[in-house]
Amino acid sequence: MSVPARILRCGEQAFSVELSDQIDEAVNSQVTALAAALEAVSPVGLLEMVPTYRALLVRFDPGLCPGAEMQAILRRTCDALGADQVVPGRRWQIPAVYGGEVGLDLEDLAREKGLSRQGFVDTHSAAIYRVYMIGFSPGFAYLGGLPEVLHTPRLAIPRQNVAEGAIGIGGQQANINSVAGPSGWRYVAWTPVKAFDPSRADPFLFRAGDSVEFVPVSAEEGAALSARQAEGQAIVTPEAGS
Amino acid sequence: MNLEVLETGPLSTVQDGGRLGLRGFGVSEAGPVDRTAFQMANRLVGNAPDAAAIEFAYVGGRFRVTRAATVAVTGPGASVSIDGQPVKAQATLRLEPGQELRIGALSKGLWGYLAIGGGIDTPPVLGSRATHLRFSLGGLEGRTLRAGDCLPLGDGAEIANHVATRALPDVTAAPIRVLLGPQDDFFAPDVLARFLSQEHRVSARIDRMAAQIDGTPLPAIRGHDIVSDGTVPGAIQVPGSGQPLVLLVEGQTSGGYPKIATVIAADLTRLAQLGPGKPFQFQAVTAEEAEAALLAMRQETRAILDAIQEVQDFRPDPQKLMGENLISGVWHPNMDQDVG
């Protein structure tokens with residue numbers, strides 16, 4: 001069994017191993033599996049890998065491994081990869097304070113979807129999301145698995161400053177804002193959990209392939225968790241994947 | 001011991017070798033736009049090659065130290081003076097407390113460097129002192145420098161005066177070589193042909209993230225939206241406007257625009273140094289040629305750095321010369337044409 005792949009040059013020091021041109025959970029888990037397989041092979045000259053929705057970017061040093069050789073290694077690794085090979089990701093339960101100042105779009109979106117506020121929260125927090133990729137900003141997780149009823153287009157004019165920890169919806173995707181900044185996504189909740197903290201031993205919380213569930217908590221609980229985190233305590237721990 | 005910024009250009013930052021290996025977490029490497037010029041400056045003051053120094057664009061500014069220091073300024077056509085007396089770029093300089101180091105506009109490029117013996121000692125973030133402006137990481141509060149800033153310095157080792165005897169690569173208008181792809185198949189053959197034959201210019205919109213290129217727009221037959229994939233420095237994205245954008249050291253790590261080609265590493269610094277308005281062409285090369293060019297560039301960088309030599313005793317100290325006004329103008333920055 002093997003995975004069909006296009007191996008494309010991105011300059012002389014990188015290849016993009018393209019598995020599809022679509023967003024698809026099965027394709028994305030193949031990307032994660034390919035990254036794990038290549039890490040196991042650990043060819044000389046491999047510098048870093050960037051897993052994205054449907055492709056794995058592989059950076060290498062042609063001075064240590066000529067491109068033709070690296071391309072052959074990538075081809076062999078793809079060929080050896082089972083189409084149903086899955087690397088279990090870690091599972092996160094992320095506390096979420098729905099609505100409020102940060103989740104400012106909650107009421108409007110619930111109304112738009114013909115849901116009660118509670119109905120929206122139930123639907124959003126019942127889903128299991130997959131971290132498709134990290135990008136855009138440090139530790140920013142693009143989440144797939146948003147229930148179709150909650151799909152919402154982005155704003156035509158982005159907001160200038162959306163808070164760190166804001167939980168949002170952009171088209172068919174969900175996200176957790178890792179740093180404050182401009183964003184055109186719609187925001188329904190806030191989490192005290194820091195997806196990015198440069199002072200932490202592990203600065204980036206999420207990895208591509210992890211899964212995320214949101215657990216509704218009250219504003220008071222959110223504030224208490226935030227205070228504990230500020231004292232240096234870990235307020236979430238992932239479960240190993242299965 | 002501190003470096004005081006009295007005045008500086010619009011895009012001056014603290015940079016070291018950058019953060020490698022974090023693109024998968026959304027963080028591009030930052031670090032110097034012109035690594036050779038940056039490493040040359042560090043070598044001239046006895047620092048490790050990737051010690052933290054100041055990068056500036058267009059113009060350096062005015063600086064002062066609170067204790068005697070060795071400094072060096074590099075960059076295409078850098079003009080440097082100490083207390084109004086012209087001194088050499090691409091050479092070790094002695095700066096006494098109270099003296100004012102002035103770095104004028106770069107006459108032949110865009111990016112220049114000021115290294116100080118001991119390096120800049122701002123706290124590392126994610127293992128590096130490099131400023132990442134977009135995410136406000138590293139350097140001094142993650143931002144560009146401004147008048148009034150005071151930068152902590154490390155302890156520098158004693159070093160004899162050195163001078164670069166081999167020039168930095170010329171910032172010529174020779175074609176900028178590219179490897180086509182990864183999404184060149186999004187463009188019709190005639191558009192690809194035009195991309196490789198027409199004259200391009202770097203627009204005024206160039207910063208550490210990207211250089212926007214002016215020229216006839218390059219429409220994509222398959223649309224300008226792709227499912228986001230990974231990017232590398234040098235990637236030429238073509239958004240809906242059809243105006244290409246070349247990603248630089250702080251470029252985003254993933255993007256949703258088709259990438260028509262990638263500027264090869266051996267020519268990316270030259271493209272960034274060309275600066276706004278200079279005409280150039282893109283030229284397609286093979287992967288083998290691009291790899292050979294990379295290895296040749298590394299060799300040239302090594303040769304340039306190895307050609308930094310101690311100034312022999314019989315050569316008079318340039319500052320002393322200027323001070324005694326023996327041969328006024330000998331060390332004028334225009335003299336640097338012979339060494340860079």
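Buried residues account for 48% of the 242 residues in chain A of this predicted model. The chain contains 5 helices and 13 strands. Its radius of gyration is 19 Å, close to the 18 Å that the globule rule gives for 242 residues, so chain A is as compact as a globular protein of that length. Along the principal axes, the C-alpha atoms of chain A fill a box of roughly 55 × 40 × 35 Å. Contacts between residues at least 6 apart in sequence were also examined in chain A, and 64% of them join residues at least 24 apart.

Chain A is assigned two stretches as domains: domain 1 (6-80) and domain 2 (91-230). The centres of domain 1 of chain A and domain 2 of chain A, taken over C-alpha atoms, are separated by 30 Å. Across the boundary, 8 residues of domain 1 of chain A are in contact with 7 residues of domain 2 of chain A. Helix α1(A) provides the largest share of the domain 1 side, 4 residues. By class, that side has 3 nonpolar, 4 polar and 1 charged residues.

Helix α1 of chain A covers residues 25-41. At 1.5 Å a residue, its 17 residues should span 24 Å; the end C-alpha atoms are 24 Å apart, which agrees. Ser42(A) follows α1(A) and has a positive phi, near 45°.

Helix α2(A) was treated in the same way. Its 14 residues should span 20 Å at 1.5 Å a residue, and its end C-alpha atoms are 20 Å apart, which agrees. The buried residues of α2(A) are Gly67(A), Met70(A), Leu74(A), Thr77(A) and Cys78(A). These residues cover an arc of only 100° around the axis, which puts them on the same side of α2(A). The face turned away from that buried side carries the exposed residues Ala68(A) and Asp79(A). Cover for the buried residues of α2(A) comes from both chains. In chain A it includes β1 (6-9), β2, α1 and β4. In chain B it includes α4.

Chain B has 5 helices and 23 strands. The radius of gyration is 21 Å, close to the 20 Å that the globule rule gives for 340 residues, so chain B is as compact as a globular protein of that length. Its C-alpha atoms fill a box of roughly 65 × 40 × 30 Å along the principal axes. Of its 340 residues, 54% count as buried. Among contacts in chain B with a separation of 6 or more, 77% are between residues 24 or more positions apart.

Chain B is divided into domain 1 (2-166 + 308-338) and domain 2 (176-297). The C-alpha centres of these two domains of chain B lie 30 Å apart. Contact between them involves 17 residues of domain 1 of chain B and 13 residues of domain 2 of chain B. The domain 1 side of this contact divides into 7 nonpolar, 6 polar and 4 charged residues.

One position in chain B was examined individually. Val80(B) lies in strand β6 (residues 80-82) of chain B. With 27 other C-beta atoms within 10 Å, Val80(B) is buried, because 20 or more are required. Val80(B) and Ala266(B) are 186 residues apart in sequence. Their C-alpha atoms are 28 Å apart in space.

Methods: Residues numbered from 1 in each chain as written. Chains lettered and ligands numbered in written order. Predicted model: local features only at pLDDT ≥ 70, side-chain atom pairs only at ≥ 80, totals over all residues. Helix = DSSP H or I, 4+ residues; strand = E, 2+ residues; numbered from the N terminus. Expected span 1.5 Å × (residues − 1). Domains from an automatic or database assignment. Contact = placed C-beta atoms within 7 Å. Nonpolar A, V, L, I, M, F, W, Y, C, P; charged D, E, K, R; others polar. Buried ≥ 20, exposed ≤ 12 C-beta atoms within 10 Å, placed from the backbone. Rg over C-alpha atoms; globule rule 2.2 N^0.38 Å. Arc of directions from axis to C-beta.
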